[in-house]
Amino acid sequence: MSNYHLDHLQHLETEAIHVMREVAGEFERPALLFSGGKDSICLLRLAEKAFRPSDLPMPLLNVDTGHHFPELNDFRDRRAVQLGAKLIIRKVEDAIAKGIAVPATGEVGRNKLQIPTLLAAIEEFRFDCCIGGARRDEEKARAKERFFSFRDSFGQWDPKNQRPEIWNLYNARINPGENMRVFPLSNWTEMDVWEYIQREKLEVPTIYFSHRRKCVRRVGQWLPVTDIIPPKPNEEVRELVVRVRTIGDIISTGMIESPAKSVEDIITEIAAARVTERGSRADDKTSEAAMEDRKKAGYF
Amino acid sequence: MVSATPFATHPVVDILRFNTCGSVDDGKSTLIGRLLYDSKSLMEDQIEALERSADITGGGQINLANLTDGLRAEREQGITIDVAYRYFATPRRKFIIADTPGHVQYTRNMVTGASAANLSIVLVDARAGIIEQSRRHTCIASLLRIPHLVVAINKMDLVGWSEARFQEIRAQFEEFLPRLDIKDVKFIPISALNGDNVVEPSKHTPWHPGPTLLSHLETVHIASDWNLNGFRLPVQWVNRPNCPTNSRLHDFRGFSGQIAGGIIRVGQKVIALPAGMTSTVKEIWTLDGSVQEAFCPQSITLVLDHDIDISRGSMIIGLDNLPGANVNLQAKVCWMHPRPLQRGKKYWLKHTSNMVQAVVTEIEHRIDMATLEPQAAPSELALNDIGEIQIRTAKPLVYDGYATNRLTGSFILIEQGTNATVAAGMLMPPHEIVKPENGDYVI
Ligand SMILES: Nc1nc2c(ncn2[C@@H]2O[C@H](COP(=O)(O)OP(=O)(O)O)[C@@H](O)[C@H]2O)c(=O)[nH]1
């Protein structure tokens with residue numbers, strides 16, 4: 001009996017592969033959201049496990065806010081080529097130019113503008129399902145997400161009216177114009193993701209490891225110095241040894257001071273961490289309901 | 001979210017999934033908050049957020065329930081309206097908590113949260129004792145065949161830590177237990193608010209020999225929930241690389257799925273249903289290389305030595321412990337939709353990776369939640385009702401009884417048109433099994 005036992009990562013892995021294959025089996029035109037971040041790196045490996053030796057039966061989709069870390073985009077492009085996968089990129093800038101995404105007066109951040117850009121891409125390619133790397137342990141509103149999260153024809157999530165999900169039987173049926181978001185990593189924690197990266201020897205972008213970078217102190221955190229919002233004269237700028245723990249836009253991703261140079265170092269660091277990974281993202285701090293509001297509007 | 005102890009990097013051997021249930025205000029959210037808080041699974045920013053909302057709304061008192069009551073609507077109404085999942089780890093185990101709400105109208109959420117659980121915690125308010133909700137939730141846990149149950153008798157601080165009261169409630173509970181299918185039940189007196197017997201033993205209960213709730217969760221023996229007796233591979237996806245430049249890949253044809261029962265080895269004979277053809281396993285393909293053997297619940301790709309007709313929804317089975325195959329099925333269902341079950345109406349039935357049309361031909365009985373007795377021939381099954389029905393499917397289903405195999409014995413019903421998931425079903429053991437005597441097993 002004891003030979004027929006899976007450890008926790010193997011359990012999470014087989015659950016996620018099952019979910020991916022349900023997507024391939026049930027949908028006509030699925031896409032896999034790939035940002036180059038650690039969660040979507042795991043998604044890609046799981047897709048390989050689910051579908052090889054065939055080609056991945058879905059393209060990769062990325063919404064480029066124009067405020068990405070350059071290291072991340074390089075990595076994203078390289079991985080897609082390595083996998084022989086089709087990569088579709090839709091830019092917030094183009095969506096703004098076309099009037100699909102309209103910034104509020106004085107709005108510099110691109111986080112909200114990702115939503116109409118993504119919805120337009122879904123419509124353009126008639127995607128009926130998008131696989132994303134969100135995890136329930138990230139945030140309170142996410143904790144209530146299903147694996148198969150139904151979106152109406154406006155891309156909206158209705159938390160009060162979710163389909164019950166029982167055993168591993170996913171109801172993937174949708175009507176034309178409706179859409180499904182699928183989250184194979186629902187049950188993974190930040191630690192599981194890094195342990196999986198370690199076990200599978202997956203490459204991650206270099207910004208996850210400690211490096212020297214000029215940072216500016218804003219709203220209680222160290223943000224990378226960029227041309228987008230250059231430091232004001234009264235702002236403190238320092239060169240620090242930092243890394244990112246979770247990646248958002250370059251203007252809102254807090255850098256953490258860390259000596260972690262390897263995946264092993266990162267795992268040790270997370271084990272001792274005293275703040276959650278989203279604690280370093282300015283976009284979530286705005287209000288306690290920030291994530292919930294964005295999700296209802298169609299955010300991942 | 002992970003434990004802050006340095007042990008957290010040690011290999012964790014397994015995962016325990018559990019859910020909490022009880023009536024509104026029995027203290028579920030407080031208990032989960034307490035488990036996370038006392039096991040040091042909370043991070044500083046989460047504690048900070050708690051303190052911030054304590055200053056705004058709670059008159060300065062930290063409310064542990066705020067940790068799990070995530071959605072704004074809930075905060076406004078002060079109730080938990082959906083299933084929320086929480087994660088924590090101790091050096092011994094990883095835990096997935098499904099926080100399932102106690103309102104009558106949300107029974108469907110409890111079924112959702114509990115369906116995959118190894119263990120259920122039923123919370124009882126020590127002042128109120130066993131009430132209809134406690135019975136209902138225990139009945140659902142039994143119906144779903146959750147192997148372990150903990151009855152956490154909460155708010156013991158409000159009954160003066162009375163052992164007599166604890167024993168009285170325990171006796172009330174044990175009175176209806178024999179009617180149910182639960183083998184392992186543990187009673188623990190706690191105060192979720194103050195933390196007694198949750199993580200730390202209480203000095204108020206010298207009469208309780210232990211364990212605390214957390215140490216029980218860490219040590220309860222979760223004997224394999226998975227059935228290793230009859231091989232079942234519901235085919236999810238046919239893997240055909242169709243690669244003209246690589247001759248090996250050009251001919252590759254694999255059947256991908258998650259093993260839903262049993263063990264499979266290279267060289268073993270299998271039957272593919274509904275085609276009914278026999279074949280032999282040539283290769284068990286995984287990204288990490290071919291393997292000689294695989295078992296439930298691994299995800300694999302099987303290569304067979306004959307080219308036979310298999311597509312999504314087919315089931316590949318072993319020659320031992322054969323499943324049933326029939327268009328007439330008997331099942332227990334939990335109804336999950338405001339529109340009641342209608343006899344004669346067509347639904348989609350999803351079973352493993354298979355989707356067929358189905359008609360409910362008979363509603364045999366409905367369980368009266370107050371008495372747990374079946375009432376014969378009800379006119380309908382409404383939201384949150386549990387009952388037994390007969391179904392006829394458009395094509396034969398290859399299945400096992402739910403008691404034998406949770407994965408091949410369960411199904412959902414989907415309403416046509418709205419695509420709403422309307423029922424969770426558990427199949428009764430088959431009357432007729434697949435007949436292996438002749439070379440052809442067509443069903
Ligand atoms: N005195 C006392 N109050 C408790 C205890 N556990 C929970 N409560 C209180 O009971 C109320 C309802 O608790 P909550 O966790 O929100 O219940 P839920 O509806 O089951 O999630 C809150 O005011 C809690 O502070 C306990 O052990 N003792």
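1. Basis. This is a predicted model, in which local features need pLDDT of at least 70 and side-chain atom pairs count only at pLDDT 80 or more, while totals for chains, interfaces and linings use all residues. Residues are numbered from 1 along each chain as its sequence is written, chains are lettered from A and ligands numbered from 1 in the order in which they are written, and side-chain values use heavy atoms, with hydrogens and water left out.

2. Ligand shell. There are 16 residues around the ligand, and those that come nearest are Asp25(B), Lys28(B), Ser29(B), Thr30(B) and Asp157(B) (a residue is near if one of its heavy atoms lies within 4 Å). By class, the shell has five nonpolar, six polar and five charged residues (nonpolar: Ala, Val, Leu, Ile, Met, Phe, Trp, Tyr, Cys and Pro; charged: Asp, Glu, Lys and Arg; polar: the others, Gly among them). Helix H1 (residues 28-38) of chain B gives the most to this shell, with three residues (helices are DSSP runs of H or I with at least four residues, strands are runs of E with at least two, and both are numbered from the N terminus).

3. Oxygen atoms of the ligand lie 2.8 Å from a polar backbone atom of Asp25(B), 3.0 Å from a backbone N or O atom of Ala192(B) and 3.4 Å from one of Asp26(B) (a polar contact is a pair of N or O atoms within 3.5 Å). Of the 580 Å² of accessible area that the ligand has on its own, the protein covers 77% (Shrake-Rupley method, 1.4 Å probe).

4. Domains of chain A. The assignment, automatic or from a database, gives domain 1 (8-193 + 289-297) and domain 2 (202-284). Their centres, taken over C-alpha atoms, are 24 Å apart. Each domain puts 28 residues into the contact (heavy atoms within 4.5 Å). About 2,300 Å² is buried between the two, 60% of it on carbon and sulfur atoms (accessible area, 1.4 Å probe, lost on being put together and summed over both parts).

5. Cis peptide bonds. Arg52(A) and Pro53(A) are joined by a cis peptide bond with omega about 5°; Pro53(A) is in the loop between helix H2 (38-51) and strand S2 (60-64) of chain A. A cis bond also joins Gly210(B) and Pro211(B), with omega about 0°.

Key
Polar contact = N/O pair within 3.5 Å; in protein donor to acceptor, adjacent residues only side chain to side chain.
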